[in-house]
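Here is a short report on one protein model. Please look over the sequence and the 3D view before reading on.

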Amino acid sequence: MTSSQPLLTRRPLDREGSVELAVLERAGLIESRHIGAAVVVAPDGSVLRELGDSSAEIYARSSLKLLQAVAVLRSGATLDGERAVLATASHAGTDGHVRVVSEILALAGATEDDLRCPPDWPLDRDAAYSARQRGDGMRRITMNCSGKHASFLLACAVNDWPTAGYLDPSHPLQQLIRSTIEDLTGEGVGTVGIDGCGAPVFGTSLRGLATAVGRISGAARADSDPLAAGLAAAILADGWAIDGPGRATTIVIERLGLVAKNGAEGVMVLGTPDGTAVAVKALDGSNRATTLVALELLVSVGALDRELADAVIADTTERVLGAGMPVGELRASLSLFRSGK
């Protein structure tokens, strides 16, 4: 299905479409500034807050995995619980993550050798150390996108689609992913690129991305998409699987009950159970402040409790230290605290 609603603009996010989102202050001096764009949408997709140009085109990078997982489920693949979450994951490569990816591969009648994501070390420090101690080397299954790729292979298996070339944009699976993205965002895709894992990455607007995330996180309330509702419920139940214990995205999910997904090059999305959602893109590609900014924006529209947000911000935001002692802070810019667009 191809949407009749094109992107509001084909112009990529640039300096002119960006505003200051966060600053790092050290001993009274603003040392760094992060600029970019962000948008909060209501459950019906209307804009509640906009900073910068939310109609500009971006790559959602791994934040797109939420939408790709919905497409896999729409293909007829059966994934629930931890396995559904791994389809959306940028996982840390722990033994638990590898176990679940192996289960998905077994369902597909595939092996690690069938994965087309590149070999990599686990993101988890302890898991990477253990792999080196065992002499394992880099593996495809410990690459953070292996759960998504395993789910792609499962979708191919249940539909008798060829697994060769499953990352080609013309492959039936990627065509289904494209149409699912257009359905959830309400707009036609823009530029088609290649993500770091080798999968196609489809350009969207920031507003379209937020709209799609809200449709997934609020699917149970809307009672409109049981597959998306099941995916959101699985993420909330097993937040460890989407990232890793103690990692920022998992902390947000477990302590705030939000659907959350980070993406490379400064992308972060959060969705509440009622379908309110926020999408953030830092123009410099840094993810250092994106969780902070996203949480502050949800607080600013009344979608998240101030005290709960502060506690999570304190535990997920980089500390500014000198000789091990606090000497400043990374904080959201004043524009985030002002009302209106």
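The report below covers a helix, a sheet with its packed helices, and the cysteines.

This is a predicted model.

**Helix α4**

Start with helix α4, which spans residues 125–134. Three of its residues, Ala-127, Ala-128 and Ala-131, are buried. Viewed down the axis of α4, the buried residues fall within an arc of 100 degrees, so they line one face of the helix. An α-helix has 3.6 residues a turn, so residues three or four places apart point the same way.

After the helix comes Gly-135, with a positive phi near 75 degrees.

**The sheet**

Next, the sheet. Three strands make up an open sheet, in the order β4-β6-β5, with antiparallel pairing. The edge strands are β4 (57–59) and β5 (192–194), and each pairs on one side only. From one strand to the next, the twist averages 40 degrees.

Strand β6 covers residues 200–205. Three bridges join β6 to β4, and the two run antiparallel. Within this part of the sheet, Glu-57 stands opposite Ser-205 in β6.

Two helices meet these strands. Helix α6 lies across β5 and β6. Helix α7 packs on the sheet, touching β4 and β6. The table gives their angles to β6.

| Helix | Residues | Strands | Angle to β6 |
|---|---|---|---|
| α6 | 172–185 | β5 and β6 | about 15 degrees |
| α7 | 206–217 | β4 and β6 | about 105 degrees |

**The cysteines**

How many disulfides does the structure hold? The number is zero. A disulfide is a covalent bond between the sulfur atoms of two cysteines.

Cys-117 counts as buried because its relative accessibility is 0%.

Cys-197 is in no disulfide either. Its nearest cysteine sulfur belongs to Cys-145, 4.1 Å away. The cut-off for a disulfide is a pair of sulfur atoms within 2.5 Å. Is Cys-197 buried or exposed? Cys-197 is buried, with a relative accessible area of 2%.

Technical notes: Residues are numbered from 1 along each chain as its sequence is written. This is a predicted model: local features need pLDDT of at least 70, side-chain atom pairs count only at pLDDT 80 or more; totals for chains, interfaces and linings use all residues. Side-chain values use heavy atoms; hydrogens and water are left out. Buried means under 20% relative accessible area, exposed over 50%, partly exposed in between (1.4 Å probe, protein chains only). Helices (H or I, at least four residues) and strands (E, at least two) are DSSP runs, numbered from the N terminus. The arc is that of the directions from the helix axis to the C-beta atoms. Two strands pair if DSSP finds at least two bridges between them. Axes are lines fitted to C-alpha atoms, for helices over the stretch in contact, and angles run from 0 to 180 degrees between N-to-C directions. Contact means heavy atoms within 4.5 Å.
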